[in-house]
Amino acid sequence: AAEGSTTRARRNARDTANHYLDLVGIPDVAGQLPAQLSLGTQQCVALARALSVEPRFLLLDEPFSMLDSLTRFELQDVLLSVWEASEKTVVMVTHDVDEALYLADRLLLMTDGPEATIGEVIQIPFPRPRSRAAVLGHPQYHAARRQVIDFLEHHAQQSRASALDSVLHPRDAAKTA
């Protein structure tokens with residue numbers, strides 16, 4: 001009986017893995033080693049793996065930052081479709097303004113530094129389901145983008161000095177010398 005339950009557990013685990021690999025659009029990679037996969041496919045596998053434990057919410061920290069633009073766009077679309085299918089709560093950290101506007105329902109903009117706080121909360125006005133073209137063509141897109149960039153320029157300045165500061169702001173450099 002123990003052997004039967006072990007076989008059943010393995011079959012269930014394989015079925016679960018195949019379900020989530022299919023959900024992220026890569027159903028045919030189950031037998032491959034990570035080194036055989038492209039970076040984009042590895043990211044899809046990581047997303048499928050995270051989803052397979054069926055968490056109540058998913059925390060993603062810069063999940064697409066190391067990818068080329070085309071792969072990044074593809075995986076953003078995969079994430080949207082997975083989110084729509086699973087209805088999980090997803091919290092994602094990103095420094096890409098356009099990515100945030102495309103994927104999020106709400107942005108929590110953080111101030112800079114070791115004592116960072118939530119500086120502003122922006123509700124995203126774009127309806128779901130979303131397409132990239134619809135978001136970019138939305139009449140409020142540029143205003144929302146400008147709001148984020150204005151916040152970043154005025155409230156999230158880097159707190160550490162840069163080598164370029166003396167070139168860009170020579171008066172400030174002279175005061176501290």
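Is phenylalanine 126 buried or exposed? Phenylalanine 126 is buried, with a relative accessible area of 4%. The model discussed here is predicted. The protein has 177 residues, of which 27% count as buried. Its secondary structure comes to 8 helices and 4 strands, and the order along the sequence is α-α-β-α-β-α-β-β-α-α-α-α.

**Aromatic pair**

- A search of the whole structure finds 1 aromatic pair.
- The partners are phenylalanine 126 and tyrosine 141, whose rings are 6.1 Å apart centre to centre with 35 degrees between the planes.
- This geometry is classed as tilted, because planes under 30 degrees apart would count as stacked and planes over 60 as edge-to-face.

**Salt bridges between helices**

- The count for the structure comes to 8 salt bridges.
- One of them joins the side chains of arginine 72 and glutamate 99, at 3.5 Å from N to O.
- Arginine 72 and glutamate 99 are both buried.
- Arg72 and Glu99 also belong to a network of salt bridges that includes Asp96.
- Another salt bridge is formed by arginine 132 and aspartate 77, with their closest N and O atoms 3.5 Å apart.
- That pair links distant parts of the chain: arginine 132 is in helix H5 and aspartate 77 in helix H3, 55 residues apart.
- Aspartate 77 has a relative accessibility of 34%, so this residue counts as partly exposed.
- Arginine 145 and aspartate 98 form a further salt bridge, in which the closest N and O atoms are 2.7 Å apart.
- Here the link runs from arginine 145 in helix H6 to aspartate 98 in helix H4, and the two residues are 47 residues apart.
- Arginine 145 is partly exposed, with a relative accessible area of 28%.
- Aspartate 98 also counts as partly exposed, at 32% relative accessibility.

**Positive surface patch**

- Arg8, Arg10, Arg11 and Arg14 form a positive surface patch.
- Within this group, arginine 10 is placed in helix H1 (residues 2-23).
- Arginine 10 has a relative accessible area of 59% and is therefore exposed, since the class begins over 50%.

- Aspartate 22 lies in helix H1.
- At 48% relative accessibility, aspartate 22 counts as partly exposed.
- The C-alpha atoms of aspartate 22 and alanine 48 are 8.6 Å apart in space, although the two residues are 26 residues apart in sequence.

**Backbone geometry**

- Most residues other than glycine have a negative phi, and most peptide bonds are trans.
- A cis peptide bond joins arginine 128 and proline 129, with omega at about -5 degrees.
- Glutamate 54 has a positive phi, near 50 degrees.
- The location of glutamate 54 is the loop between helix H2 (39-52) and strand S1 (57-61).
- Glutamate 62 likewise has a positive phi, near 50 degrees.
- The loop between S1 and H3 holds glutamate 62.
- Glutamate 62 counts as partly exposed because its relative accessibility is 21%, and buried means under 20%.

How values were computed:
Residues are numbered from 1 along each chain as its sequence is written. This is a predicted model: local features need pLDDT of at least 70, side-chain atom pairs count only at pLDDT 80 or more; totals for chains, interfaces and linings use all residues. Side-chain values use heavy atoms; hydrogens and water are left out. Patches are made of residues with over 30% relative accessible area and no salt bridge: like charges are joined within 9 Å, nonpolar side chains (Val, Leu, Ile, Met, Phe, Trp, Tyr) within 5 Å. Accessible areas come from the Shrake-Rupley method with a 1.4 Å probe; for residues, only the protein chains shown count as cover. A salt bridge is a side-chain nitrogen of Lys or Arg within 4 Å of a carboxyl oxygen of Asp or Glu. Lys and Arg count as positive and Asp and Glu as negative; His and the chain ends are not counted. The place of a charge is taken as NZ of Lys, CZ of Arg, CG of Asp or CD of Glu. Buried means under 20% relative accessible area, exposed over 50%, partly exposed in between (1.4 Å probe, protein chains only). Rings of Phe, Tyr and Trp (its six-membered ring) pair if their centres lie within 6.5 Å; planes under 30 degrees apart count as stacked, over 60 as edge-to-face and the rest as tilted.
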